[in-house]
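Let's look at how charged and aromatic side chains pair up in this one. Keep the viewer handy as you read.

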Amino acid sequence: MARNEEKAQSMLNRFITMKAEEKKKPKERRPFLASECRDLADADKWRQQIMREIGRKVAEIQNEGLGEHRLRDLNDEINKLIREKVHWERRIVELGGHNYSRYSAKMTDLEGNIVDVPNPSGRGPGYRYFGAAKKLPGVKELFEKPPELRKRRSRYDIYKRIDASYYGYRDDEDGILEKVEGEAEENMRAEAVAEWMRMEEIKKEARKAVKSGEVAEVGGAAKTILYEEEEDVVEEERMKERELEEKEKEKEFVVHVPLPDEKEIEKMVLEKKKKDLLSKYASENLLEEQIEAKAMLNIHR
């Protein structure tokens with residue numbers, strides 16, 4: 001039996017393949033300018049063709065072993081195809097078709113986060129990097145985030161975070177503080193009631209003794225109370241004595257310079273008056289002499 005290669009080279013098979021190629025239409029080339037296309041279906045077809053080419057090249061650029069120059073060339077070709085795709089999408093919208101640019105993919109970094117690529121021309125998307133091209137020297141730095149500088153909080157920012165919980169106004173909301181304070185409150189209340197009962201018993205004993213006219217013997221509990229009252233009285237008296245001593249010290253005025261008597265004050269006043277009269281008399285004499293000198297000068301002139 002003949003092999004497949006020999007069958008393909010037979011005259012009959014070659015004739016059949018030649019006739020099939022003749023029946024086929026001539027292969028159409030994509031227009032260089034999108035504005036030359038007048039049919040919406042053709043424009044959509046050329047866009048799909050560009051999308052397939054982009055997909056093939058993106059799959060090829062994932063290989064890191066291609067080398068730096070080949071990766072850069074592939075990335076340039078993909079960006080060129082993307083720009084051409086944008087022109088065809090714009091043309092489809094002009095012909096009344098669907099707006100594909102609304103749902104176009106965005107640029108992402110190595111971690112998958114969306115990156116805003118600056119476009120100085122302002123037309124269409126900016127230059128993008130795909131696959132292994134993101135790890136090329138000089139490109140990797142573009143995707144690295146700058147280290148976050150820890151800003152020092154100002155006094156305004158600190159006070160802005162302060163609320164009622166900072167001052168302890170919301171401590172009762174969780175119910176924990178109420179349980180803890182409940183036990184302590186019960187103990188304090190029991191101690192206060194026991195103290196009050198003890199005082200009431202002492203007062204009753206004292207009243208009974210006064211009514212009967214007998215001398216009341218001071219017990220242990222009453223003795224401690226009386227002793228505490230005596231101490232309070234003694235402390236009050238000492239405080240009053242200290243206040244009186246301080247007032248007396250404030251009233252006393254110590255003079256460190258000898259004060260003059262009334263006679264010395266009168267002498268000082270008389271001397272001051274004499275000096276004033278002499279100074280007035282001297283000034284009047286000076287004025288008279290000046291007037292006479294001026295008159296003499298006028299006569300000579």
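This is a predicted model: local features need pLDDT of at least 70, side-chain atom pairs count only at pLDDT 80 or more; totals for chains, interfaces and linings use all residues.

Residues are numbered from 1 along each chain as its sequence is written, and side-chain values use heavy atoms, with hydrogens and water left out.

Side chains of opposite charge can pair when their charged atoms come close. Here a salt bridge is a side-chain nitrogen of Lys or Arg within 4 Å of a carboxyl oxygen of Asp or Glu. That rule gives eleven salt bridges.

| Salt bridge | N to O distance |
|---|---|
| Arg30 and Glu53 | 3.4 Å |
| Arg30 and Glu84 | 2.9 Å |
| Lys85 and Glu89 | 3.1 Å |

Arg30 sits in the loop between helix H2 (11–23) and helix H3 (40–60) and Glu53 sits in helix H3, so their pair ties together parts 23 residues apart in sequence. The other partner, Glu84, belongs to helix H4 (residues 68–94), 54 residues apart from Arg30. Helices here are DSSP runs (H or I, at least four residues), numbered from the N terminus.

How exposed are these side chains? Buried means under 20% relative accessible area, exposed over 50%, and partly exposed in between (1.4 Å probe, protein chains only). Arg30 has 22%, so Arg30 is partly exposed, whereas Glu53 has 19% and is buried.

Now the rings. Rings of Phe, Tyr and Trp (its six-membered ring) pair if their centres lie within 6.5 Å; planes under 30 degrees apart are stacked, over 60 edge-to-face, and the rest tilted. The structure has two such aromatic pairs. Tyr127 and Tyr129 have ring centres 5.1 Å apart and planes at 70°, so they're edge-to-face. Tyr166 and Tyr167 are edge-to-face too, at 5.2 Å centre to centre with 90° between the planes. Tyr127 is partly exposed at 33% relative accessibility and Tyr129 is buried at 19%, while Tyr166 and Tyr167 are both exposed.

Finally, charges over rings, where NZ of Lys or CZ of Arg is within 6 Å of the ring centre and within 35 degrees of the ring normal. The charged end of Lys45 sits over the Trp46 ring, 4.4 Å from its centre. For Arg47 over the ring of Tyr100, that distance is 3.7 Å.

Technical notes
Helices (H or I, at least four residues) and strands (E, at least two) are DSSP runs, numbered from the N terminus.
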